[in-house]
Amino acid sequence: MAAGAQRVYDAAMSLMVMILLFVATFLGMEGFAWAMHRYVMHGPLWTWHRSHHEPHDHALEKNDLFAVVFAAPAVVLIAVGLHVWPWALPVGLGVTAYGLVYFFFHDGLVHRRFPTGIDGRSGFWRRRIQAHRLHHAVRTREGCVSFGFLWVRSARALKAELSQKRGSSSNGA
């Protein structure tokens with residue numbers, strides 16, 4: 001292969017790998033977000049997250065601090081990707097994209113903190129909205145269901161789990 005053709009091929013492959021890294025990071029963030037929500041927000045940092053499970057009329061809640069905390073590594077990855085190590089860029093952008101989609105969905109579409117222009121009636125959004133509302137059926141740290149966003153179980157399965165958790169907690173189990 002000629003040197004010029006090799007450079008074109010290498011650039012194309014690098015772009016494809018970067019796109020794959022971006023997509024893999026975006027999708028991988030679901031597992032990270034689920035674990036953080038389940039074990040950190042409903043664990044040691046419940047003091048912040050509690051504000052999100054309680055009714056209020058404030059524009060902001062203490063839970064919003066998580067957005068700042070979770071954005072910091074993405075900013076660092078993007079900066080490192082732009083100035084030091086290019087492979088960090090698609091990872092930082094994947095984290096950022098997940099955060100933006102989550103913000104749009106969670107704060108806009110589900111909690112209606114701002115207009116989204118989407119009615120949320122498609123099966124895709126309706127299933128996620130239902131799952132999140134079932135998560136909020138419990139206002140305490142324990143007993144919640146559905147900690148994810150992209151991957152959610154059916155409302156029927158979540159209702160059964162919620163009912164089982166409520167039953168076992170009222171039986172002293």
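Colleague: In this predicted model, is Phe147 buried or exposed?

Modeller: The relative accessible area of Phe147 is 9%, and a residue counts as buried when this value is under 20%. Because 9% falls under that cut-off, the description that applies to Phe147 is buried.

Colleague: How many aromatic pairs does a search of the whole structure find, and what kind of pair do Trp34 and Phe147 make?

Modeller: The search of the whole structure finds 13 aromatic pairs. For Trp34 and Phe147, the ring centres are 6.2 Å apart and the planes stand at 85 degrees. Since planes over 60 degrees apart count as edge-to-face, the pair of Trp34 and Phe147 is edge-to-face.

Colleague: How many residues apart in sequence are the parts that Trp34 and Phe147 tie together?

Modeller: Trp34 belongs to helix H1, while Phe147 belongs to the loop between helix H5 (123–135) and helix H6 (155–170). The pair therefore ties together parts of the chain whose separation in sequence is 113 residues.

Colleague: What kind of aromatic pair do Phe105 and Trp125 form?

Modeller: The rings of Phe105 and Trp125 are 5.4 Å apart, centre to centre, with 20 degrees between their planes. Phe105 lies in helix H4 (residues 88–110) and Trp125 in helix H5, 20 residues apart, and the pair links distant parts of the chain. Because planes under 30 degrees apart count as stacked, the pair of Phe105 and Trp125 is stacked.

Colleague: What are the relative accessible areas of Phe105 and Trp125?

Modeller: Both values can be set against the cut-off for buried residues, which is under 20%. Phe105 is buried, with a relative accessible area of 2%, and Trp125 also counts as buried, its value being 17%.

Colleague: Which residue has its charged end over the ring of Phe124?

Modeller: Phe124 is part of one aromatic cluster, whose members include Phe26, Tyr98, Phe105 and Trp125. Over the ring of Phe124, 3.9 Å from its centre, sits the charged end of Arg128.

Colleague: How many salt bridges does a search of the whole structure find, and which residue pairs with Arg141 in one of them?

Modeller: The search of the whole structure finds seven salt bridges. Arg141 counts as partly exposed at 36% relative accessibility, and the closest N and O atoms of its salt bridge are 3.9 Å apart. The partner of Arg141 in this salt bridge is Glu142.

Colleague: What distance separates the C-alpha atoms of Arg38 and Cys144?

Modeller: Arg38 is found in helix H1 and counts as partly exposed at 24% relative accessibility. Along the chain, Arg38 and Cys144 are 106 residues apart, and their C-alpha atoms are separated by 8.9 Å.

Colleague: What distance separates the C-alpha atoms of Ala157 and Phe22?

Modeller: Ala157 is found in helix H6 and is partly exposed, with a relative accessible area of 30%. Ala157 and Phe22 are 135 residues apart along the chain, and the distance between their C-alpha atoms is 32 Å.

Colleague: Which helix gives the largest share of the nonpolar patch?

Modeller: The nonpolar surface patch has an area of about 510 Å², and its residues include Leu15, Phe22 and Leu93. Leu15 is found in helix H1. The largest share, five residues, comes from helix H1.

Technical notes: Residues are numbered from 1 along each chain as its sequence is written. This is a predicted model: local features need pLDDT of at least 70, side-chain atom pairs count only at pLDDT 80 or more; totals for chains, interfaces and linings use all residues. Side-chain values use heavy atoms; hydrogens and water are left out. Patches are made of residues with over 30% relative accessible area and no salt bridge: like charges are joined within 9 Å, nonpolar side chains (Val, Leu, Ile, Met, Phe, Trp, Tyr) within 5 Å. Accessible areas come from the Shrake-Rupley method with a 1.4 Å probe; for residues, only the protein chains shown count as cover. A salt bridge is a side-chain nitrogen of Lys or Arg within 4 Å of a carboxyl oxygen of Asp or Glu. Helices (H or I, at least four residues) and strands (E, at least two) are DSSP runs, numbered from the N terminus. Rings of Phe, Tyr and Trp (its six-membered ring) pair if their centres lie within 6.5 Å; planes under 30 degrees apart count as stacked, over 60 as edge-to-face and the rest as tilted. Buried means under 20% relative accessible area, exposed over 50%, partly exposed in between (1.4 Å probe, protein chains only). A charge sits over a ring if NZ of Lys or CZ of Arg is within 6 Å of the ring centre and within 35 degrees of the ring normal.
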